[in-house]
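These are my notebook entries on a single protein chain. I set down what I looked up, entry by entry.

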Amino acid sequence: MKFAKIPMATINRLSIYMRTLQELIEEDVDVISSERLAKQCGVNPAQIRKDLAYFGEFGVRGVGYHVGDLVNQIKEILGLNRTWNLAMVGLGNIGSSLIRHGNFVKHGYIFTAAFDVDPQKVGKKLPNGLIINHVDELEEVVRERDVHIGVMATPAGAAQSVANQLILAGINGILNFAPVQIQVPDCCHVENVDFTIKLDCIAYHLSSGI
């Protein structure tokens, strides 16, 4: 089920709620109040109720939320009741670290392809068993391995070209770690991860005393 006009801040918080709830499952917590969940997520109870209200009715008044049920419901909302195949483009320091990170698999994101242009990297076997393909093979490999999301950790100068290749290969979701904004058609959703922007925000708050 898809919902229109949901604030992105709500989607971000749903992800936080889900991860907190998953931790509670590991602690054998079966039911949790909105107050306790809000405290652990760093929001207020009214915010949780408002975020969930976009998608229906959840929980039992006076009782709270059944943790396992709410995890499954949020997974369905976010499209996480399935696995997503990822392709990594760019096996430098960031790309290599990301593809080794076990947290992706834990949340249902599986790297099924890896690409680079460096002849010293192409053909090498990664710790997860993937062989690094040349980026010239991107379209063929992406289609063959049913890749859903492209993860880019390329130099800035190569980012737009790689994004174009991913889109031509049928990829409509890109996580971009390259330090540049890429242009994509409306059918494609891009999330940019620029660490310097986050640092700028921290610097602002520290400098302004906020």
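**Entry 1: isoleucine 131.** I began with isoleucine 131, which at 38% relative accessibility counts as partly exposed. I take buried as under 20% relative accessible area, exposed as over 50%, and partly exposed as in between, with a 1.4 Å probe and protein chains only. Isoleucine 131 sits in the loop between strand E4 (109-116) and strand E5 (133-134). Its C-alpha atom is separated by 8.7 Å from that of phenylalanine 115, 16 residues apart along the chain.

**Entry 2: basis.** I note that this is a predicted model, in which local features need pLDDT of at least 70, side-chain atom pairs count only at pLDDT 80 or more, and totals for chains, interfaces and linings use all residues. Residues are numbered from 1 along each chain as its sequence is written, and side-chain values use heavy atoms, with hydrogens and water left out.

**Entry 3: overall chain.** I found nine helices and eight strands in the protein chain; helices (H or I, at least four residues) and strands (E, at least two) are DSSP runs, numbered from the N terminus. The C-alpha trace spans about 60 × 45 × 35 Å along its principal axes. Of the 210 residues, 38% count as buried.

**Entry 4: salt bridges.** I counted a salt bridge where a side-chain nitrogen of Lys or Arg lies within 4 Å of a carboxyl oxygen of Asp or Glu. By this rule the count comes to two. In one, aspartate 51 pairs with arginine 13, with the closest N and O atoms 2.7 Å apart. This pair links distant parts of the chain, as aspartate 51 is in helix H3 (residues 45-53) and arginine 13 in helix H1, 38 residues apart. Aspartate 51 counts as buried, at 0% relative accessibility. In the other, arginine 143 pairs with glutamate 139 at 3.5 Å between the closest N and O atoms. Both residues lie in helix H7, four residues apart, about one turn of the helix. Glutamate 139 is partly exposed, with a relative accessible area of 38%.

**Entry 5: backbone phi.** Most residues other than glycine have a negative phi. Aspartate 28 has a positive phi near 65°; it is found in the loop between H1 and E1 and is exposed, with a relative accessible area of 66%. Aspartate 146 has a positive phi of about 55°. Aspartate 146 is located in the loop between helix H7 (138-144) and E6, and at 45% relative accessibility it is partly exposed.

**Entry 6: largest pocket.** I defined a pocket on a 1 Å grid over the protein atoms alone, as an open set of points with protein on both sides within 12 Å along at least five of seven lines; lining residues have an atom within 4 Å of a point. The largest pocket has a volume of about 1,600 Å³, where a volume is the space filled by probe spheres set on the points, joined across faces, edges and corners. Which residues lie nearest its centre? Of the 37 lining residues, these are Ile11, Leu78, Tyr109, His189 and Glu191. H1 supplies the largest share of the lining, five residues. The lining divides into 20 nonpolar, twelve polar and five charged residues; Ala, Val, Leu, Ile, Met, Phe, Trp, Tyr, Cys and Pro count as nonpolar, Asp, Glu, Lys and Arg as charged, and the others, Gly among them, as polar.

Notes. On a 1 Å grid over the protein atoms alone, a cavity is a set of points where a 1.4 Å probe fits but cannot get out, and a pocket is an open set with protein on both sides within 12 Å along at least five of seven lines; lining residues have an atom within 4 Å of a point.
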